[in-house]
Amino acid sequence: MTGICAGRVAVVTGAGRGLGRAHALALAAEDARVVVNDLGTTPAGEGASAGPAHEVVEEIRARGGEAVAHTGDVATAEGAASLVDTALAAYGRLDALVNNAGFLRDRMLVNLDEDEWDAVVRVHLKGHFLPLRYAAGHWRAEAKAGREPVARVVNTTSGAGLLGSVGQANYAAAKAGVAALTLVAAAELGRYGVQVNAVAPAARTRMTEGPFAAAMAAPADGFDAMAPANVSPLVVWLASAASAEVTGHVFEAEAGRVTVMEGWHPGPVADKGDRWAPSEVGEAVRELLARTRMPRPVYGVASPARP
């Protein structure tokens with residue numbers, strides 16, 4: 001084995017289709033042993049099927065790689081714990097966690113009901129937190145036993161969470177939470193040998209190829225800019241030991257482009273040195289806004305460049 005992930009064990013959630021499948025195949029191509037998780041739901045998160053996860057496992061094995069399937073719900077404590085246990089039972093170790101599972105239920109805010117909010121926040125945000133929590137618990141125990149891991153977590157955020165997206169309040173809020181969770185986890189877990197980063201991908205998936213069929217369509221020839229596999233090399237590198245000292249970052253990945261997202265940071269400041277009156281603070285705020293560039297929500301259900 002000579003790949004960049006040789007000897008490592010990686011877990012990928014939502015790996016039955018789309019980006020997750022591409023990540024699992026790419027990790028296996030770099031000699032990682034892969035736990036392929038997928039609940040097998042529809043694009044709206046309905047139903048369940050073991051088929052997609054097992055199909056990807058068979059695809060990896062047919063190419064000479066090693067993989068096992070996990071079909072539990074990673075947004076439950078039981079499912080997330082069993083995901084980590086599956087890696088340990090099958091391969092005796094866990095080195096990388098790629099959190100990718102998710103689905104959409106898009107609505108304008110005034111039409112978005114509580115169940116649609118809860119379902120999307122649950123799968124994206126809780127579905128990141130729980131696998132991360134159980135994997136981190138294992139890695140902390142390893143570090144305390146004197147076996148400090150070279151562990152990696154790659155979360156999946158979105159341009160919708162970083163810049164906003166009209167019609168996707170639930171999804172954008174969850175993905176913004178993923179970005180913040182990434183920063184907190186990177187700060188907390190570094191002492192245990194764990195690096196945590198996030199990727200905001202743009203690619204052709206079940207969540208984007210319907211609303212943006214023309215933009216996402218594969219070309220007849222030449223470079224397929226929207227192929228999910230274009231995002232995977234960055235994910236694989238972040239999941240490898242080669243990414244040492246890279247942690248707490250969010251990267252946007254699209255086609256052949258990688259962008260380091262700089263996030264919220266202090267901009268122009270007005271300091272009176274005393275308490276403001278409401279009228280004068282308003283004038284100060286308008287002056288500050290004239291000197292800064294604020295992120296704006298994408299007008300439309302989503303941007304094809306930021307699914």
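Okay, let's start with a pair: Val98 stands opposite Val154 in S5. Before I go on, this is a predicted model, so local features need pLDDT of at least 70 and side-chain atom pairs count only at pLDDT 80 or more, while totals for chains, interfaces and linings use all residues. Residues are numbered from 1 along each chain as its sequence is written, and side-chain values use heavy atoms, with hydrogens and water left out.

Back to the strands. Helices (H or I, at least four residues) and strands (E, at least two) are DSSP runs, numbered from the N terminus. Strand S4, residues 96–98, runs parallel to S5, and three bridges join them; two strands pair if DSSP finds at least two bridges between them. To get from S4 to S5, the chain goes through helix H4, residues 114–144, in a right-handed β-α-β crossover. Right-handed here means that, with the strands pointing away from the viewer, the path from the first strand over the helix to the second runs clockwise.

S5 also runs parallel to strand S6 (residues 194–202), with six bridges joining the two. There, Val154 stands opposite Asn197.

So how buried is S5, residues 151–156? Six of its six residues are buried, so the strand is largely enclosed by the rest of the structure. Buried means under 20% relative accessible area, exposed over 50%, and partly exposed in between (1.4 Å probe, protein chains only). In a regular strand, side chains alternate between the two faces of the sheet. In S5, Ala151, Val153 and Asn155 point one way, and Arg152, Val154 and Thr156 the other.

Now the cores. A nonpolar core is a set of buried Ala, Val, Leu, Ile, Met, Phe, Trp, Tyr and Cys residues joined through side-chain atoms within 4.5 Å. The largest has 31 residues, and those with the most contacts inside it include Ala24, Val36 and Ile60. Among the elements giving it two or more residues are helix H1 (18–29), S4 and H8. A second, separate core of 26 residues includes Tyr91 and Leu132.

Ile60 touches Ala24, Val34 and Gly65, among others, not counting residues up to four places away in sequence; contact means heavy atoms within 4.5 Å.

Last, Trp237, in helix H8 (residues 232–239). Trp237 is partly exposed, at 31% relative accessible area. Setting aside residues up to four places away in sequence, Trp237 touches Ile4, Ala242, Ser243 and Val246.
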